[in-house]
Amino acid sequence: MTDLITDADLVRLFPGQPLTHDSAAHYRGRLEQRLLINRCTDCGTWQQPPFPICPKCWSTAVVPTEVAGTGTIHLVVFLYQGPPAPGVDYSTPYPVATIELDEQPGLRFTSTVIGAPNDDIVIGKRVTLDWIDRAGTPLPVFRLAEGAAT
Amino acid sequence: MSTISSHNPMKNAVAFAGAATTGFVAKNSGRSQASLAAQACTDVIKACGLTAADIDGICGMVPSPPEMQTMLGIPRVTWFDNPVMPVVNAVAVATAAVFSGLCQTVLVYHTPYRLPWNTASSLQDPFRGIGMPAGSGPGPESIFGGVGYTAWASRYIHEYNVPREHFGLVAINDRSNAARNPGAAKRTPLTMEDYLSARMIRWPLCMLDMDLPVDGADAFIITTAERARDLALPPVLVNAVTLGMVEKNQEDQTPSLRNHGQQVVVDALRAKSDFWTDGTDIYFPYDGFTPITLNWFENTGWCGPGEGGQFVEANWNAEQQRILIDGRIPVNPHGGALSEGGSQASGHIREAVHQLQGLAGERQVDGARTALITAGGYFFNAQGLTLVSD
């Protein structure tokens, strides 16, 4: 289905996002609610952000690959002000968290954490992937994992 | 394997012949960056006893070197460049250009300017919004840019369990120092109560943790040490200069607080310089965000990881409400980015030059002969510079 989404469509659907020939597949994945991260098919190294070559072995056989969406909060900030975005109300400070994904140490993805009071969103907590709507397109976000804390 | 070595053939061969500033204001000045830069540039050229015809290299961002050459009527140049911030980068390339013979006398300049990305009130001047449309960024779910320092501040608190007061001391030190600097934008005293009650912008950092958007300009003349000795002011020699960056340098992929650009700068600058923390008379750690300063203390080796705040407390002069390391070494005596104004390190460099020339007014450190500057943050902008008087 997303094969029918042209590059021009992506530019229209994801305003302000860093779209290039190297990141387009990641954004096509978002439309199917699949979180795709580049992985080298020769040596297995994951990379983020998406570049067209493996930094470990210089193979160009790099393929956007779905991740499990599980991980651990590595960094977190709470925005008391910030850029305007639909559904984002800074009257409650808005959490932005960098998640260390389980696939590889140091492989991280940044988004928000939903469904929990800010006091519970702390470094070290386990999270799982979820999706919300952002101006008509799916946005990958995270929820605290059930009953889990490290 | 490390490629870092002590090899430094241009050590002390290139010098600052002078430095000048407009002073900074934390409001829209009603002037263009060209106007501010022209003032600082003509001031420094004249102070060195030079004319436009003596300049054969131009190095700065705004206005561009071609615009600068036209504006000041500089007849012919053999080298020019427009390096990215912070400003130690400009010093590095200008020093290398002089040492290599690409040119002999470089005009280096930087114009801190209030723009929509660092203060919304800049838009009260309609010219400042041109070409900078609002809402064109990636949205809130990102830690790119300044948010990255806030995110790593939360990690710093998590790893070392330090109180926000440790950040506050950095802000108070800058403010107390700025009181002695007539060119500083904020000079009224700051208390810890003021710090703790300041408006939160992005937890854990508040308004007073972030550098001050200002209008102003700094300008420098960099030339051979030999030529500088024939000019009007005492030369300040470039002992060593370096930049540092590691493989994973994006804000959210940076490996850790102990593995980013600062560690590379420390390793390289220390190897290439004639002195380090035990030999410097003044220390200039970057302070665009308060936790950067604490991390520079730790990574430079003044104290251990997570001990930056305790180090500041142990070297705090309560009467003067500022840091005096070993009762002697001031830290950002001009007021730094938080109180003189956010200059992307041009203020730190200019103050170091003035101190080593004996031209720092009531801030003058008696007998200052060495300065250690560790500029920039963690990701793709860590830099270092050591300066010595001739």
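1. Let me start with the contact between the two chains. Chain B contributes 27 residues to it and chain A contributes 33 residues. Please keep in mind that this is a predicted model. The size of an interface is often given as the accessible area lost when the parts come together. Here chain B and chain A bury about 2,400 Å² between them, and carbon and sulfur atoms account for 56% of that area. On the chain B side, the residues that lose the most area to chain A are P140(B), E141(B) and Q253(B); together they make up 28% of what that side buries.

2. The UniProt record, an unreviewed entry, places "domain: Thiolase C-terminal" at residues 280-387 of chain B. In the model, that span is 32% helix and 22% strand, and its end C-alpha atoms lie 9 Å apart. For chain A, UniProt lists "domain: ChsH2 C-terminal OB-fold" at residues 66-131, again from an unreviewed entry. This span has 0% helix and 47% strand, with 14 Å between its end C-alpha atoms.

3. Now to helix 9 of chain B, residues 290-300, and its packing partners. Two packed helices are described by the angle between their axes and the distance between the axes. With helix 8 (residues 261-272) of chain B, the angle is about 40° and the axes are 10 Å apart. Helix 8 of chain B is therefore oblique to helix 9 of chain B, and the crossing is right-handed. Helix 8 of chain B brings Q262(B), Q263(B), V265(B) and V266(B) to the contact, where they meet I292(B), N295(B), W296(B), N299(B) and T300(B) of helix 9 of chain B. Sorted by type, the residues of this contact are four nonpolar, five polar and no charged.

4. Helix 4 (residues 147-160) of chain B also packs on helix 9 of chain B, at an angle of about 55° and with the axes 10 Å apart. That angle makes helix 4 of chain B oblique to helix 9 of chain B. The crossing of helix 4 of chain B and helix 9 of chain B is left-handed. From helix 4 of chain B come Y149(B), A153(B) and Y156(B), which meet P291(B), I292(B), L294(B), N295(B) and E298(B) of helix 9 of chain B. The tally for this contact is six nonpolar, one polar and one charged.

5. How do helix 5 and helix 9 of chain B cross? The axes of helix 5 (residues 165-178) of chain B and helix 9 of chain B cross at roughly 95° and come within 8 Å, so the two helices are roughly perpendicular to each other. H166(B), F167(B), V170(B) and A171(B) of helix 5 of chain B make this contact with T290(B), P291(B), T293(B) and L294(B) of helix 9 of chain B. Its residues divide into five nonpolar, three polar and no charged.

6. Most residues other than glycine have a negative phi, and most peptide bonds are trans. In chain A, a cis peptide bond joins Q48(A) and P49(A), with omega about -5°; P49(A) sits in the loop between strand 2 (46-47) and strand 3 (62-66) of chain A. In chain B, the peptide bond from M85(B) to P86(B) is cis too, with omega near -10°, and P86(B) belongs to the loop between strand 3 (79-81) and helix 3 (88-100) of chain B.

7. One phi value also deserves a look. A135(A) is not a glycine, yet its phi is positive, at about 50°. You will find A135(A) in the loop between strand 8 (126-134) and strand 9 (137-144) of chain A.

Key: Residues are numbered from 1 along each chain as its sequence is written. Chains are lettered from A and ligands numbered from 1 in the order in which they are written. This is a predicted model: local features need pLDDT of at least 70, side-chain atom pairs count only at pLDDT 80 or more; totals for chains, interfaces and linings use all residues. Side-chain values use heavy atoms; hydrogens and water are left out. UniProt positions are given in the numbering used here, feature names are shortened, and annotations may be inferred rather than shown by experiment. Helices (H or I, at least four residues) and strands (E, at least two) are DSSP runs, numbered from the N terminus. Axes are lines fitted to C-alpha atoms, for helices over the stretch in contact, and angles run from 0 to 180 degrees between N-to-C directions. Angles under 35 degrees count as roughly parallel, over 145 as roughly antiparallel, 65 to 115 as roughly perpendicular and the rest as oblique. A crossing is left-handed if the near helix is turned anticlockwise from the far one by less than a right angle, and right-handed if clockwise. Contact means heavy atoms within 4.5 Å. Ala, Val, Leu, Ile, Met, Phe, Trp, Tyr, Cys and Pro count as nonpolar, Asp, Glu, Lys and Arg as charged, and the others, Gly among them, as polar. Buried area is the accessible area (1.4 Å probe) that two parts lose on being put together, summed over both.
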